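Please find below a short note on the model under review.

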Number of protein chains: 2
Amino acid sequence: MSVLYKSDLARGQAWAGYFATHAPELEFRIWPDAGDLAAVEYLVTWAPAPELLRQLPNLKVIFSTGAGVDHIDFSAVPSAVPVVRMVEPGIINGMVEYVSWAVLGIHRTMRAYAGQQAEGQWRELAVEPASARCVGVMGLGVLGSAVLDRLGRFGYRLVGWSRTRRELPGVQSFAGAAELPAFLQRCDLLVCLLPLTSETRGILNAGLLAQLPRGAALIHVGRGAELDHEALLAALASGQLSEAILDVTEPEPLPPGHPFWLHPRITVTPHIASVTQPLTAAAVLLDNLRRHRRGEPLRDLIDRGRGY
Amino acid sequence: MSVLYKSDLARGQAWAGYFATHAPELEFRIWPDAGDLAAVEYLVTWAPAPELLRQLPNLKVIFSTGAGVDHIDFSAVPSAVPVVRMVEPGIINGMVEYVSWAVLGIHRTMRAYAGQQAEGQWRELAVEPASARCVGVMGLGVLGSAVLDRLGRFGYRLVGWSRTRRELPGVQSFAGAAELPAFLQRCDLLVCLLPLTSETRGILNAGLLAQLPRGAALIHVGRGAELDHEALLAALASGQLSEAILDVTEPEPLPPGHPFWLHPRITVTPHIASVTQPLTAAAVLLDNLRRHRRGEPLRDLIDRGRGY
């Protein structure tokens, strides 16, 4: 029996060290040093390559190293092999940090102050208390819930939207397409944390952005393909949106010359909001792997039908 | 008996409205419509003008509209007249928001990402978990305590320094000049929230900055005169400091052509971290004023000997 790791080498070495210390009974191998392929029962990877899957006759579980799994071609994964995504404290903390930074900076008009600094202007701008600003989060899973909980400590009004209803303390929640307009009209700041599915592809389009209050801001930390780039540029040009902070784009990297790079009201970061932290992730992986070996249910299992 | 307000007019009108609704029995007057000066028992102002004080024979209390009182000339204030500073939820929330934004942005290398965006570069930079970064706060009063409490929720390691020892949950605390070096050597991010006194004037000097870990960052939200500008520039030039976010300078506004305006590693904001919110402040003022009229001790009284 072996665990085969095929992804970023530095992280693989860190995980190999963690397994050697905490689970010396498990054989942890880093690709391409895969050993006997028939012995591989667990594959740890970002996106499993179909040609590799065909060489692993005894594969029992695929552990993705990311929180999202839209990059995985499920048609190439045998139906008997469950796929698990990575939900670990490092990913959650990273997302909470990034979105908190983005919300606070927008609320406190830090983009305008940076512009004033560049022009040598010392001028106080109006600020409303957090309790007068409403932050809406689309996607109420582990990450969305953690983000809302932290923002609540700052006193923002909170609304949430998800495909199926989710009740969260202190959050006015909305569900499904029917309630999307009522959700959007409340959002001074909209945070998109939706997984990419056939239903969410292109969801951040002109029609959706038009339903936000005039001058609203967008923080996009879901998946790039959820955002219609032209619609965003038009909404910023018309003043419908005041600014946008984007951690994801389609494609990634954003190509040279793309209008987002130098747009005065767009901040782009290279998909770094949430990053798997090697050591906490190794602990989560090992715990889940041991659950499987004991015959217990796996945590953070993907529902293939739903796509997340 | 009357309450005389002499400060920003828009806020005065908001407060007059609040008093008219919640304390119709009190006469609230806005300068220059002062009415009978001998009737003025309470003066609400930023800095009391000595010539005004001489015209108020029955003054009982001065309420400053700010959290800091270093701008007040106490030699012109009769010793029998107590001075109260403004500590209200809006000031505390504003400071917590600003410092959280600054700490998160530094931790997540947002200045470097902005530079990369300007150059069209998509490159992930290394990030440590919050638990590997230590934030130190100088000044452990109401604001410093609130800031530390919020930062603790993000998982940062926390240290605090104050003139006299203050124990705060989850914070390793240091006190006095003797323990300042031990405090400084732990601070990856240093937040200055000290009141301006003869002891703190110029405290952020070359000698202090040199005791921080190499590459540390400074967030200055105390008072401008606490920072030696030349020492900051030298520390940034040598790499001893990686960046600085300054909400206060000496003088304010920062003069045209000052090297801070266009420095690539300095963010300057125009003393806006913490702003009195008119409505919550009016409630705090009225509550304190009524305490005095009932003969109860005033809250947030200034100790003239200490200077804050």
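Why does B:Cys187 count as buried? The reason is its relative accessibility of 0%, since buried means under 20% relative accessible area with a 1.4 Å probe and protein chains only (exposed is over 50%, partly exposed in between).

1. Basis of the note. This is a predicted model, in which local features need pLDDT of at least 70 and side-chain atom pairs count only at pLDDT 80 or more, while totals for chains, interfaces and linings use all residues. Residues are numbered from 1 along each chain as its sequence is written, chains are lettered from A and ligands numbered from 1 in the order in which they are written, and side-chain values use heavy atoms, without hydrogens and water.

2. Cysteines. Over all chains, a search of the whole structure finds zero disulfides (a pair of cysteine sulfur atoms within 2.5 Å). A:Cys187 takes part in none, the nearest cysteine sulfur being that of A:Cys134 at 5.7 Å. B:Cys187 is likewise in no disulfide, and its nearest cysteine sulfur, that of B:Cys134, is 5.7 Å away. A:Cys187 counts as buried because its relative accessibility is 0%.

3. Helix α9 of chain B. Helices are DSSP runs of H or I with at least four residues, strands are runs of E with at least two, and both are numbered from the N terminus. Helix α9(B) covers residues 278-293; its 16 residues should span 22 Å at 1.5 Å a residue, and the end C-alpha atoms are 22 Å apart, which agrees. The expected span is 1.5 Å times one less than the number of residues. Just after this helix, B:Gly295 adopts a positive phi of about 85°.

4. Interface of chains A and B. The contact (heavy atoms within 4.5 Å) takes 46 residues from chain B and 47 residues from chain A. About 3,900 Å² is buried between the two chains, 65% of it from carbon and sulfur atoms; this area is the accessible area (1.4 Å probe) lost on putting the two parts together, summed over both.

5. Two salt bridges are found across it (a side-chain nitrogen of Lys or Arg within 4 Å of a carboxyl oxygen of Asp or Glu). A:Arg108 forms a salt bridge with B:Glu97, their closest N and O atoms lying 3.0 Å apart. On the side of chain B that touches chain A, α3(B) gives the most, with nine residues.
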